[in-house]
Every structure is written in structure tokens, then in C-alpha cells.
Amino acid sequence: MKRFYLPILALTFMTVGCKEKPAEQNAGIKLSNMDQTAVPGEDFYQYACGGWMEQYPLTAEYSRFGSFDKLAEDNREQLKGLIEEMAMTTHAQGSVEQKIGDLYNIAMDLDRLNSEGATPIQGDLQRINDITSVQEIPALMGDLNADLFFATYVDADIMDSKKNLLQTYQSGTGMGERDYYLDVDDTMKKIREEYLSHMTRMFELAGYNADDAKRAAVASMRIETRLAKAQYDNVKLRDPMGNYNKMTIDQLKNDYPNFNWDAYLQAAGANVAEISVSQPEPVKEAIAIMNDENLDDVKSYMAWRLIDASAPYLSEAIGEENFSFYGKVISGKEEQSPRWKRAVAVTDGSLGEAVGQVYVEKYFSPQAKARMEQLVDNLLQAYGERIDKLEWMSDSTKAMAHEKLGTFYVKVGYPNKWRDYTSLEIDPSLSYWENIKRVNKFNQDYMMAKTSKPVDRDEWYMTPQTVNAYYNPTTNEICFPAGILQYPFFDMNADDAFNYGAIGVVIAHEVTHGFDDQGCQFDKYGNLSNWWTESDKNNFDNRANVMRTYFDHIEVAPGLFADGSFTLGENIADHGGLQVSLHALHNAHKISPMIDMEGLTPDRSEEHPSELQSHSALSSAVFCLK
């Protein structure tokens with residue numbers, strides 16, 4: 001099921017200004033981040049971000065560095081302090097403090113990791129090597145901690161959103177994006193060559209001799225390419241109904257034969273009566289691969305997926321080789337993050353809400369939560385007012401839009417109830433990899449247990465310390481973790497002009513996702529259900545096509561154009577977020593007029609409407625806009 005997350009972009013601009021309030025409040029903006037010599041109507045990016053680019057030249061550790069990255073860096077320092085404090089103290093066995101501290105210490109013990117090398121995965125590699133027939137593969141697939149052939153997960157049934165449903169998802173390829181395997185341009189061909197060399201070196205580091213490593217890599221590449229050919233492209237994956245194929249387990253066995261589904265589901269801990277095969281063709285192709293490829297080649301592929309999954313938790317040499325491809329070739333980074341950052345990330349990812357509970361106690365005040373909740377209310381009001389002003393939408397559809405908007409479930413800061421980590425055991429006598437397997441088994445069991453329970457609307461899909469936000473269509477919720485509610489996105493000491501221009505845009509972005517080209521297909525209950533009149537939906541689609549076409553014609557690099565269909569949801573949400581937040585700022589200005597500060601006006605659009613229009617050429621593209 002698709003959730004709509006705020007994209008991590010290198011944006012630093014914000015609407016600025018200050019209204020007359022107590023002295024402790026300020027404009028919030030750092031003028032040094034701007035280039036006020038640039039003309040906004042000619043080069044708005046340089047005007048808003050020119051100073052930032054000078055202050056923060058790109059380092060070898062990053063392929064980009066914007067406000068999200070800066071906040072994430074600050075956030076990591078906060079988490080480091082919390083986690084290291086637990087790591088340096090002895091805690092009661094079984095306490096979350098013990099688990100957090102021990103896992104971090106295990107991750108930081110480079111001497112031990114180097115001495116162990118690839119030894120921690122030899123047992124699982126042997127289990128793969130011991131396979132004697134294709135009939136044994138499904139049970140091992142369900143049990144191994146590796147991304148094999150396809151994935152299964154539990155989430156809300158998009159046609160019955162109060163119930164959880166087991167679902168499949170195309171998977172099993174190391175490079176992820178199918179274009180890496182299929183595009184014929186020279187850049188992609190070069191990446192494939194480097195990927196094959198990388199696989200060969202990784203097999204050698206895992207203990208294979210040179211000849212066996214090369215054969216295993218070639219077989220793995222061929223199988224991953226077969227999987228990629230059957231997979232849906234990114235645009236096709238955005239169609240909710242096109243990725244929904246619910247059936248009984250008996251029907252699953254009939255429609256997807258030659259695979260022991262009972263053994264697979266039992267090993268995965270999935271005791272279910274129904275399933276949605278989200279992308280049928282990749283699953284059929286995966287089963288075909290298991291049955292018609294040479295068994296030794298299939299085993300090589302399975303071994304590769306295990307080696308690839310375990311690489312970050314093994315020796316320094318294996319980790320550096322892993323980074324040499326995924327970090328340098330794929331991401332464009334030149335240098336791996338320091339060990340402590342990676343250890344913090346893994347600890348945070350493994351015990352996220354346990355870390356989050358400590359985090360919010362120290363870094364997120366009740367006052368910040370209250371002010372943020374008020375901002376959300378104001379943005380929702382502004383959104384409703386913009387719906388009312390639409391000339392092309394009928395009153396009946398407007399009423400349905402208001403109903404959906406009025407049932408948004410707002411989550412701010414942290415969950416109302418915290419996750420229980422009692423059954424997760426972290427054992428410092430075991431290897432890093434073995435402990436990560438325990439974490440993944442804990443998460444797998446937690447997820448599969450949902451199949452017997454109704455959807456829990458209070459569950460969070462991000463931890464409180466995450467620097468991001470999301471909209472979830474099946475629960476019709478918007479979520480803003482405490483991690484993003486810090487400067488430069490939210491500042492308790494800054495006035496409304498700053499906060500509407502920063503976090504206000506984030507809030508309105510996520511609200512708009514509820515009504516973008518995907519979100520508009522879900523009703524107020526979170527079900528995939530058409531609530532539009534035919535005429536109104538045609539009007540919406542025509543306006544969305546304006547934005548799609550606009551982005552299709554943006555040349556990102558010579559001969560390379562943006563894909564307006566793939567990015568449509570984010571483009572709608574970005575533009576809608578700006579417009580709705582500006583509307584809410586105007587509402588706030590009526591209640592409490594704002595004054596200029598530091599040479600800047602609260603609302604540049606009123607001072608220079610032509611400049612705003614130069615950046616709002618698409619203002620008629622979506623219904624949340626004018």
C-alpha cells in the first residue's frame with residue numbers, strides 16, 4: 001500500500017517576516033542562507049539558496065546537502081548523545097536501555113567484526129547450499145533474512161480499510177529500479193558492468209574462490225534481470241487498483257502453481273485465508289525462475305541476496321566493498337559515513353520507538369506539540385476555504401471533499417501508545433548479524449500478527465525522531481514526527497510568517513496528498529472508492545494533465561526529461577502546499593497584522609505579485625489551487 005512521504009529535497013527557502021508579538025519571537029530566517037543580490041523572478045533558487053550553497057559546500061560524504069540533510073545531521077547528534085549514554089552504562093537485562101546500548105556497542109566493535117569476517121553468514125549460506133530440490137526453496141525463502149524473488153507484507157485492505165491484508169510486492173533485485181537492468185544507454189550499461197564486478201568481489205569476500213565467484217555473479221545477474229523484466233515500472237506502480245489482486249489462499253495455489261505456498265507462508269509466520277498478489281507478473285516469473293533455471297544458479301542467486309543483505313553488518317572490508325557500489329556508483333557519494341553514524345542509524349532503526357520515547361522527552365516540549373496542532377488546524381481550515389472557491393467543482397463533490405478533509409486523523413510528535421520490545425532479545429555474545437536477524441524476526445512477527453487484528457489507526461509508520469512526514473490514504477491520516485518539528489522547519493521562537501513558510505508548507509503538502517491523483521481515489525474511510533461526479537473527475541484529470549505535461553518538458557540533463565506521470569503526486573503536493581500555506585498565512589495576517597523585519601516583508605506575493613506568478617504558472621493545475 002502506497003504512503004505519500006514528503007520528498008527529501010535540498011530546499012532552504014521560506015516565507016519570512018514577523019508580526020508584532022512578544023520580544024522573544026523573531027523572524028526566524030537566516031539571511032546568510034539567501035543571496036539577496038539575485039532577482040527572485042529571474043533565479044529564485046539562487047535568491048533563496050545562494051548563501052546556503054556557499055556555506056555548505058558538498059562534502060565527500062554527501063551527494064546532496066539541503067535543509068533536510070542539515071536537520072538530519074543535527075538529529076543524529078542528538079540521537080548519538082542519547083544512545084551513547086545508554087551504551088556506556090550497565091542496565092538491567094531485558095530493559096530497552098540494555099538493548100539499545102548493547103546493539104550500539106556491537107555495531108561499533110570493529111575489531112570483532114573484522115576478526116569474524118564473513119563467518120556469521122556461513123551457516124545460512126550452508127543452508128542454501130544444502131538445497132537438493134526446488135521444493136525446498138519456499139520454506140527457506142520464508143525463513144531467511146534476505147530479499148528473495150518477491151516480498152510479502154501486511155497492510156490495510158484498500159477495498160476494506162479497517163481490515164489488514166497480507167500482500168505481495170515485487171522485489172528480489174539488488175539495484176532495485178528495473179531501469180538499471182533494462183535501459184540500453186551507455187550509463188546504464190556501465191552501471192551493470194560495475195554491478196557484476198561488485199557481485200564477484202562480494203562472493204570472494206564471502207569465501208568463494210575466484211572462478212566460483214564469477215560463475216555465481218553471472219548467474220545472479222541473469223536471474224535479477226529476468227525478475228526486472230517482469231516488474232512494473234514506477235508509473236504502473238502508482239495505480240492503486242492496478243496493484244490489487246485479492247484472492248483466497250486456495251485460489252492463490254491454483255493461479256500460481258509449482259510453488260509450495262503452505263511451506264512459504266508457514267515459515268513466514270503468515271496464518272491467513274486471503275492475500276493480494278499486488279503485481280502478478282513478477283510473482284509468476286519468480287516461480288518460473290525457481291523451476292526452469294539450473295538449481296545451482298538459483299542457489300547462487302539466493303546466496304547473493306543473503307550476502308547483499310548482510311554486508312552492512314559484517315567486516316570492514318565487506319562494508320567498504322558494499323559502499324563502493326551502492327554508495328559511490330548508485331548514490332554518487334565519495335566517502336562512507338563515519339562508523340558512529342551508521343551504528344546510530346541501525347540502533348535507531350531497530351528499536352525506533354524505544355529510542356523515540358527518550359528522544360521526545362528531551363527534545364519535544366508540550367508547548368511545541370500544542371502550537372503545531374494549532375498550525376495544522378489552521379492549514380486544514382485554509383484548505384477547506386480553497387475548496388469552497390473552486391468554480392469547476394460541483395457542490396456535491398465539494399461536500400464529499402469537505403467530509404474527507406474533516407475526518408483527517410492528525411498525528412503530531414509521537415504516538416499515543418508506545419511499542420513493546422519485551423520479546424526482542426539483543427545478545428552481545430552473538431554476532432552483529434545474528435542480532436540483526438533477531439531484530440528482523442521480531443519485526444516480521446509483529447507485522448504478521450496484524451493479520452488477525454483490525455487496522456490500528458494509532459500505529460505510526462515513522463518513528464518520532466524521523467525527519468520526514470507522511471499521508472496514509474487507508475487511514476486518512478497526516479503524520480508529523482517530532483524529528484521534523486525543529487529548525488529550520490519549525491521554530492517556537494519564530495513568528496507565524498516563518499512557520500507558515502516552513503512547516504506550514506510541509507503540513508499543506510501532506511494534506512494535499514489526500515487529494516492528489518492517487519489520494520483522490522480514496523474516500524474518507526480510507527477505501528478505494530470513487531466519490532467524484534464524472535464531470536468533476538474529468539475536470540480534475542484535465543487540470544492534473546497540465547502539470548503532468550509541464551514536468552514532462554523539463555530537461556533534467558541533456559536529452560533526459562522528467563517523468564511527469566511518475567512525479568505527479570509529489571508535484572501536486574509541492575505546489576498545493578505552497579499555495580494553501582500562503583492562504584493560511586493571509587488568514588493569520590487578518591487576525592494579527594504582521595510587520596516587516598530584517599528588511600523582509602511577511603508576504604512577498606503581495607509586494608511583488610508578478611514574481612509570484614512567474615513561479616505559479618501551474619496555479620490552475622489542481623483543485624486545491626486557484
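Colleague: Which two strands form a hairpin with two residues between them?

Modeller: E3 and E4 form that hairpin. Strands (E, at least two residues) and helices (H or I, at least four residues) are DSSP runs, numbered from the N terminus. This is a predicted model, in which local features need pLDDT of at least 70 and side-chain atom pairs count only at pLDDT 80 or more, while totals for chains, interfaces and linings use all residues. Residues are numbered from 1 along each chain as its sequence is written, and side-chain values use heavy atoms, with hydrogens and water left out.

Colleague: In which sense do E3 and strand E4 pair, parallel or antiparallel?

Modeller: In general, strands of a sheet pair through backbone hydrogen bonds, in either a parallel or an antiparallel way. Here two strands pair if DSSP finds at least two bridges between them. E3 and strand E4 (residues 160-170) pair in the antiparallel sense, over eight bridges. Phe150 stands opposite Gln170 in E4.

Colleague: What is the strand order of the open sheet?

Modeller: The order is E3-E4-E6-E5, four strands with mixed pairing. Strand E3 (150-157) and strand E5 (246-248) are the edge strands, each pairing on one side only. From one strand to the next, the twist averages 35 degrees; axes are lines fitted to C-alpha atoms, for helices over the stretch in contact, and angles run from 0 to 180 degrees between N-to-C directions.

Colleague: How many of the eight residues of E3 are buried?

Modeller: Buried means under 20% relative accessible area, exposed means over 50%, and partly exposed is in between (1.4 Å probe, protein chains only). Seven of the eight residues of E3 are buried, so the strand is largely enclosed by the rest of the structure.

Colleague: Which side chain meets that of Asp157 in a salt bridge?

Modeller: Side chains of opposite charge can pair when their charged atoms come close. The cut-off for a salt bridge is a side-chain nitrogen of Lys or Arg within 4 Å of a carboxyl oxygen of Asp or Glu. Asp157 meets Lys246 in such a bridge, at 2.8 Å, N to O. Asp157 lies in strand E3 and Lys246 in strand E5, so the pair ties together parts that are 89 residues apart in sequence. Asp157 is buried at 2% relative accessibility, whereas Lys246 is partly exposed at 33%. The structure holds 34 salt bridges.

Colleague: Where do Arg215 and Asp212 lie?

Modeller: Both are in helix H9 (residues 210-230), three residues apart, about one turn of the helix. Arg215 is exposed at 52% relative accessibility, and Asp212 is partly exposed at 30%.

Colleague: With which residue does Arg226 form a salt bridge?

Modeller: The partner is Glu293, with the closest N and O atoms 3.1 Å apart. Arg226 lies in helix H9 and Glu293 in the loop between helix H12 (280-292) and helix H13 (295-310), so the pair ties together parts that are 67 residues apart in sequence. A network of salt bridges links Arg222, Arg226, Glu285, Asp292, Glu293 and Asp297.

Colleague: How far away is the nearest side chain of opposite charge to Asp516?

Modeller: For charge, Lys and Arg count as positive and Asp and Glu as negative; His and the chain ends are not counted. Asp516 is buried yet has no salt bridge, and the nearest side chain of opposite charge, Arg238, is 5.0 Å away. A polar contact is a pair of N or O atoms within 3.5 Å; within protein, one must be able to donate a hydrogen and the other to accept it, and residues adjacent in sequence count only if both atoms are side-chain atoms. The side chain of Asp516 makes one with the side chain of His513, at 2.7 Å. Asp516 lies in the loop between helix H21 (503-513) and helix H22 (534-552).

Colleague: Which two residues does a cis peptide bond join?

Modeller: Most residues other than glycine have a negative phi, and most peptide bonds are trans. The cis bond joins Tyr487 and Pro488, with omega about 15 degrees. As for phi, Phe149 has a positive value of about 65 degrees although it is not a glycine. Phe149 is buried, with a relative accessible area of 1%. Asn258 also has a positive phi, near 65 degrees, but Asn258 is exposed, with a relative accessible area of 60%.
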